[in-house]
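Please take a moment to look over the sequence and the model before reading on.

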There are 2 protein chains.
Amino acid sequence: MSRLEAATGAAPPDPAAVFAALGDPTRLALLDRLSDGRPRSISALASGGDITRQAVTKHLRVLEGAGLVASLREGRESRFAYRPEQVRQARAWLDTVSARWDDALGRLKAFVEGV
Amino acid sequence: MSRLEAATGAAPPDPAAVFAALGDPTRLALLDRLSDGRPRSISALASGGDITRQAVTKHLRVLEGAGLVASLREGRESRFAYRPEQVRQARAWLDTVSARWDDALGRLKAFVEGV
DNA sequence: GAAACGTGCAAGTATCCGGTTGCATGTCTG
DNA sequence: CAGACATGCAACCGGATACTTGCACGTTTC
């Protein structure tokens with residue numbers, strides 16, 4: 001049922017899965033191309049690069065599984081569109097970690113300065 | 001010489017590598033624990049979880065390779081500390097993508113509304 | 001110095017990942 | 001209908017990954 005979840009937008013907020021999906025140069029490039037908001041078909045996305053259409057398909061499925069992308073079948077082709085929600089989620093996680101670090105640093109500074 | 005790079009802070013700004021390092025629940029948990037700024041030894045980090053000390057060591061080496069963490073040998077133990085630079089880098093990348101998406105969405109909206 | 005502690009190194013294993021190729025299926029278009 | 005086009009499915013392969021176990025080596029500590 002994970003495909004349905006990804007398609008319906010009920011992807012679980014799993015930071016590790018999102019980061020894992022982002023942790024590949026090819027997928028990052030695909031996302032970058034899709035981040036202009038225009039949905040594209042698989043072969044359209046595969047034509048530019050040097051890898052097979054099948055490889056692109058697999059990468060798109062991974063991105064879809066992480067909720068970073070949504071697919072919509074239109075006739076004989078299926079178009080993939082970028083979805084910003086999970087990116088926001090990932091940013092939120094990074095913000096949390098950064099914030100905690102900054103807090104710790106601030107506390108350390110305060111301690112050193114004798115506050 | 002990658003160990004030296006990671007130790008001296010000259011890690012290359014490769015978003016995919018950083019995301020790949022973040023794309024594992026165990027590593028994410030380690031980073032989360034280290035993000036309070038307090039360096040910890042390997043066995044201290046391994047004691048809490050249910051995996052071997054060796055597994056923790058490998059994960060820490062991965063994080064170190066991505067520049068997310070720095071190691072410092074102190075006597076018989078080596079302490080690992082969180083490094084915020086790469087996290088900032090990753091956030092900046094996500095910000096870029098998000099911004100582009102928002103721009104594209106804004107332009108699309110404007111176009112649809114006949115502006 | 002001996003025991004305990006923290007770590008590193010090496011080998012081994014099962015699984016996942018990125019990528020390919022070959023073939024079958026559905027869908028437009030002439 | 002026939003051919004071109006877009007995709008899906010399945011098998012396969014080489015390399016990376018996540019772990020483990022076993023052992024050796026430096027470092028405290030008593």
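In chain A, which has 115 residues, 39% of the residues are buried, where buried means under 20% relative accessible area, exposed means over 50%, and partly exposed lies in between, all calculated with a 1.4 Å probe and the protein chains only. The model is a predicted one, in which local features need pLDDT of at least 70 and side-chain atom pairs count only at pLDDT 80 or more, while totals for chains, interfaces and linings use all residues. Residues are numbered from 1 along each chain as its sequence is written, chains are lettered from A and ligands numbered from 1 in the order in which they are written, and side-chain values use heavy atoms, with hydrogens and water left out.

The secondary structure of chain A consists of six helices and three strands, and along the sequence these follow the pattern α-α-α-β-α-α-β-β-α. Helices (H or I, at least four residues) and strands (E, at least two) are here DSSP runs, numbered from the N terminus. Among the contacts in chain A between residues at least 6 apart in sequence, 54% join residues at least 24 apart, a contact being heavy atoms within 4.5 Å.

Let us begin with a helix. In α2 of chain A, residues 15-22, the buried residues are A16(A), V18(A), F19(A), A21(A) and L22(A). At the start of α2(A), a side-chain oxygen of D14(A) comes to within 3.2 Å of the backbone nitrogen of A16(A).

The strands come next. Strands of a sheet pair through backbone hydrogen bonds, either parallel or antiparallel. In chain A, three strands make an open sheet with the order β1-β3-β2, and their pairing is antiparallel. Because β1 (40-41) and β2 (69-74) of chain A stand at the edges, each with a single partner strand, one side of each is left without a neighbour in the sheet. Two strands are said to pair if DSSP finds at least two bridges between them, and β2(A) is joined to β3 (residues 77-82) of chain A by six bridges.

A polar side-chain atom of T52(A) is found 2.3 Å from a phosphate oxygen of DNA strand C, while an N or O atom in the side chain of K58(A) is 2.2 Å from a base oxygen of DNA strand C. The largest share of the surface near DNA strand C, five residues, is given by α5(B).

Around DNA strand D there are likewise 23 residues, of which S43(A), R61(A), T52(B), K58(B) and H59(B) come nearest. Sugar and phosphate make up 58% of the atoms of DNA strand D that come within 4 Å of the protein. A polar side-chain atom of S43(A) lies 2.5 Å from a phosphate oxygen of DNA strand D, and one of Q54(A) lies 2.7 Å from a base nitrogen of DNA strand D. Here α5(A) gives the most to the surface near DNA strand D, with five residues.

Finally, consider D32(B), which lies in helix α3 of chain B and is partly exposed, with a relative accessible area of 27%. Leaving aside residues up to four places away in sequence, D32(B) touches W93(A) and R100(A). The side chains of D32(B) and R100(A) are joined by a polar contact of 2.7 Å, a polar contact being a pair of N or O atoms within 3.5 Å, where within protein one must be able to donate a hydrogen and the other to accept it, and residues adjacent in sequence count only if both atoms are side-chain atoms.

Definitions and conventions:
A residue is near a molecule or strand if one of its heavy atoms lies within 4 Å of it.
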